[in-house]
Amino acid sequence: METAVWWDWRKPPAALPQVDRIYFGHETCQELLPPPDVAERICRLATDVGLAVTLVVPFLTDMRFDGVMRLVERLSVLAGGFEVVSSDWGLLAELGSRRLADLSVGRLLTAQHGDSRIARITSPPAAAPRYAVHLDGALVEVEPRAATPTLVEHYRSCWIDRPDVIELLQQWGISRAEMSNTIQGVSLQGSLGWSYSLHVDDVLVTVARWCDALAQVPRGESACAACQSVEQRWQWHTAAGPLALVRLDNALFGCGGPRPENLGDLPVDRLVKRRTAEPGG
Amino acid sequence: MTNVLKIAAPVSSAAEAERAFCEGADEVYFGLLLPEWVATFDDADLWTRRQGKPSHVCDFEEAAAIARIASAHGGLASLAMNARYSRLQIESVLEAIQRWEALGGQAVVVADLGVLAALGARRTRLRCHVSLLAGVFNARSAAALRTLGACRVILPRELTICEMRQLTGAAPPVEYEALVLNQRCPFIDGMCGFHHRQSLPQGIPAEFEYRHREPGRLPVTSSCDPAYEGHGCRLPWRTAAGPVRLPRCDDYHQPHCAACLLHELGDAGIHVVKIAGRGYPGEVIQRAVRFLRTAADWSCGDAPTEHVRTRIRQLYRDTFSSPCQPDRCYYRLDNS
């Protein structure tokens, strides 16, 4: 099992990690990708000590697309086995057609069911009696209904993990996809020549285009004025109590679930860790 | 203006489709939620990005009626199958789309690349529209999906109008569609893992199915998640040190809107403007269609843009009884 860790180019660690691979770049914001010279320096540092390198790129607008292509061209000659994880279909298609790097589908496109409340469906807690009022005035008792085994399996699976989708993506030159270790568990079958990276520490729940959706910005300031590179703990108010999330730049992350008991049976050949504050209760 | 804009309206029944076309819509779109799907998968947003039976058409007879109404009006009816499907669902999805085509359906909206590719391989007669949930943010992505058979791309809410212009100018000649009214979520819809299901709020009347039991007992409804409290983007939240923030979204009285930017959207290469809100009351959607039809007609004329914009903002106030506010604008013009 390969091990990988995130390298935050804005706050580089004091020492290179003792893993097989580093991930660097940015998962959710094209404005926060590293400058080319920084990216090149990281790549050289890593390859000099035998670390494999993965560049992570989010969805891109046209304004940023060509610059990222040039960055990938530059880095691909530095590192053997250079890999790009991207949540942009256009970038994946273009890189695949030019065979510039190994390719993996990013978590924003694998689109798992990342809402931790789904665990209330797949592993329902004991429920207190509850009531609702209909528009016609009727007071109605709400009974819990067990989810079907098919529904539980569905929430643990992913659309990417279908033979027809895998075949299509392999035709585009893509060979793997990134998955979150969701609270409700993960169920994957994979296919020949296809595998997954499992991000064990966190679940990428949602993303905004600009940070001002996640913070107050004075009128007239740019949307990026609310950029928040320090991890910020959030609490969502839910029926089961506060739901802890962590804001990292323009995205919200939940805590990863326990290490899957079925990990040995999954087509997962890489575990990815992020050094981040654990969302507390 | 480069493009004469068409208007697409959401519907949940044939009757709503008829009213939408009569009010001035050029297209209608709807979701399908069959009883056998609900029996296994419950009624969350697992088949279309919408929860609940009231937001959907639940049988093929109604779907066929919508197709006939669209045809009679010279318009278009699209079936929204815009979720991404697990291996447990895919056969049912492809069968449903095939049946829609056989019934005379004109178009389908998809986000699942496997579904798009399957329809292309099948040489479907249906027009294949790529949902905004697929996350097409650049011309190369549009081109990639064009190779799979897409003839229209619905652009994400999060593009600026300037970015739309760059995309449509560089991308292959397909149609482009943009949302312009209702449901402006703070998160990127196609990249959001919060799940949507019907909530049964305590104390606040809501619409849901229930059944009566023997005398002396309350009627009952059931849910896989009785405690579901609403979409993640609508829940109160706070940072560790900050106040509780209450997200505000009131599409009935002060909807997010881009009506005064229709001229710019047309110039940016948009062909169709869409009203969001599948499952909203029929009169809310009809009002939205009337509002947008008027705004689109004014935007087509020769009057100066600022004059038209002022008129449309006044029309917003008259229609929704609230002034439009900058934080209700659907789109930024650019990234500044």
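**Chain B and the cysteines of a predicted model**

Good morning. Let us begin with one residue: Cys260(B) is buried, with a relative accessible area of 17%. Please keep in mind that the model is predicted.

How far is the sulfur of Cys260(B) from the closest cysteine sulfur? The closest one belongs to Cys329(B), and the separation is 5.9 Å, too far for a bond.

Cys255(A) is partly exposed, at a relative accessible area of 29%, whereas Cys260(B) is buried.

I turn now to chain B as a whole. Its secondary structure amounts to 10 helices and 10 strands. The C-alpha trace spans about 70 × 55 × 45 Å along its principal axes. For 336 residues, a compact globule would have a radius of gyration near 20 Å, and chain B agrees, because its own value is 20 Å.

How is the interior of chain B built up? Of its 336 residues, 62% count as buried. Among contacts with a separation of 6 or more, 70% join residues 24 or more positions apart.

Finally, the surface and the charges. Chain B exposes about 12600 Å², of which carbon and sulfur atoms supply 51%. The chain carries 38 positive and 37 negative side chains, and the centres of these two sets lie 3 Å apart.

Thank you for your attention.

Note on methods. Residues numbered from 1 in each chain as written. Chains lettered and ligands numbered in written order. Predicted model: local features only at pLDDT ≥ 70, side-chain atom pairs only at ≥ 80, totals over all residues. Heavy atoms only, no water. Buried < 20%, exposed > 50% of the residue type's maximum accessible area, 1.4 Å probe, protein only. Disulfide = S-S within 2.5 Å. Helix = DSSP H or I, 4+ residues; strand = E, 2+ residues; numbered from the N terminus. Rg over C-alpha atoms; globule rule 2.2 N^0.38 Å. Contact = heavy atoms within 4.5 Å. Areas by Shrake-Rupley, 256 points an atom, 1.4 Å probe, with all protein chains shown as cover. Lys, Arg positive; Asp, Glu negative; His and termini not counted. Charge placed at Lys NZ, Arg CZ, Asp CG, Glu CD.
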